[in-house]
Amino acid sequence: MAIKGEWVRYGDEVGYLALPERAETPLPSVVVIQEIMGVTEHIEDVTRRMAAAGYVALAPDLFSVNGERPPALTRERLEAAMAFMRRLPPTAMGDAAARDAELAKLPEPERRQVGESFGQMWGSTAPERMQAMTGKLRLAVRYLKEDRSETKGQPVGCVGFCMGGGLSALLACEEPGISACAVYYGNTPAPEKIAGIRCPVIAFYGEKDQRVNAGFPAFQEAMQKGGKSFEHHLYPDATHAFFNDDGPRYNVKAARDSFARLLVFFARHL
């Protein structure tokens, strides 16, 4: 299938958009929500996969400001920061002091640049930043639902990974224009926000992802109490980021099964 992928601008926002060139339009659309590393080549690839499945897919660049990324959050800087993370000993991954000790071993200006990128990248998960990024995602929904001729008036779904998984759930909490929501190993929204979810939700978790999974029971309970549609899958031997085939935690069995279920879910609801 011929897939067209390009960066587009809508208002003050930018994003990577992919669509099946030979499909009859209008089509339903999917907002693909980035991991904490930004709109990487992997996220662009996922966006094209959604287009190959018959959707117009848009991955908004949530780190952009007036269409440009701050210097510390450019793709090159974030790739350097993640390369450093992957070189860390396993025990240092969750230990800030151990990470800082390893960071101090880097030569300048690499040490300063990696430190700046880490600070801004992890700072994006603060509640006020998550709320601001949810607002940017709502603009993406409006763009697809109201402005693009290929998708105007059609259902919009969302899928997010890691930080984007939490944002996907938040978007479903706050945006009535979302018709289906998919969450990959994302943090659980606050209970008072879950009441705002109006669409079906599917969620995928790795059994070894203890930090994220700690919030799952509350999510499940709130969805059940609210009478909301909630499907979830827990994959043995998989951990956080199991879908990212560019990363060291990729789990092909979990990725394959979850993607098949995701496509069935979207076909049913979009």
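The sections below cover the basis of the model, cysteines, pockets and salt bridges.

## Basis of the model

The structure is a predicted model, in which local features need pLDDT of at least 70 and side-chain atom pairs count only at pLDDT 80 or more, while totals for chains, interfaces and linings use all residues. Residues are numbered from 1 along each chain as its sequence is written, and side-chain values use heavy atoms, with hydrogens and water left out.

## Cysteines

With a disulfide defined as a pair of cysteine sulfur atoms within 2.5 Å, the model contains zero disulfides. For C158, the closest cysteine sulfur belongs to C181 and lies 4.0 Å away, which is too far for a bond. C173 is likewise in no disulfide, the nearest cysteine sulfur, that of C181, being 8.0 Å away.

Accessibility is classed by relative accessible area (buried under 20%, exposed over 50%, partly exposed in between; 1.4 Å probe, protein chains only). C158 is buried at 0%, and C173 is also buried, at 7%.

## Pockets

Pockets were located on a 1 Å grid over the protein atoms alone: a pocket is an open set of points where a 1.4 Å probe fits, with protein on both sides within 12 Å along at least five of seven lines, and lining residues have an atom within 4 Å of a point. Grid points are joined across faces, edges and corners, and a volume is the space filled by probe spheres set on the points. Helices are DSSP runs of H or I with at least four residues, strands are runs of E with at least two, and both are numbered from the N terminus. Lining residues are classed as nonpolar (Ala, Val, Leu, Ile, Met, Phe, Trp, Tyr, Cys and Pro), charged (Asp, Glu, Lys and Arg) or polar (the others, Gly among them).

The largest pocket has a volume of about 1000 Å³. Its lining comprises 38 residues, with W122, C162, R211, H240 and R249 nearest the centre; by class, 18 are nonpolar, twelve polar and eight charged. At least two lining residues come from each of helix 2 (75–87), helix 5 (127–147), helix 6 (163–174) and helix 8 (210–213). The second largest pocket has a volume of about 200 Å³, and its lining includes E35, H42, R75, E79 and D246. Helix 1 (41–52) and helix 2 each give two or more residues to this lining, and helix 2 gives the most, with five. The lining of the second largest pocket has three nonpolar, three polar and six charged residues.

## Salt bridges

A salt bridge is a side-chain nitrogen of Lys or Arg within 4 Å of a carboxyl oxygen of Asp or Glu, and the model has 19 of them. One joins E110 and R87 at an N to O distance of 3.8 Å. This pair links distant parts of the chain, 23 residues apart, with E110 in helix 4 (residues 110–123) and R87 in helix 2. E110 is partly exposed at 30% relative accessibility, whereas R87 is exposed at 54%.

R138 and E175 form another salt bridge, at 2.8 Å from N to O. R138 lies in helix 5 and E175 in the loop between helix 6 and strand 6 (178–184), 37 residues apart. Here R138 is partly exposed at 30%, while E175 is buried at 3%. Within helix 10 (residues 252–269), R261 and D257 are four residues apart, about one turn of the helix, and their side chains meet at 2.7 Å, N to O. R261 is partly exposed at 34%, as is D257 at 28%. Elsewhere, salt bridges that share partners join D45, R48, R49 and D245 into one network.
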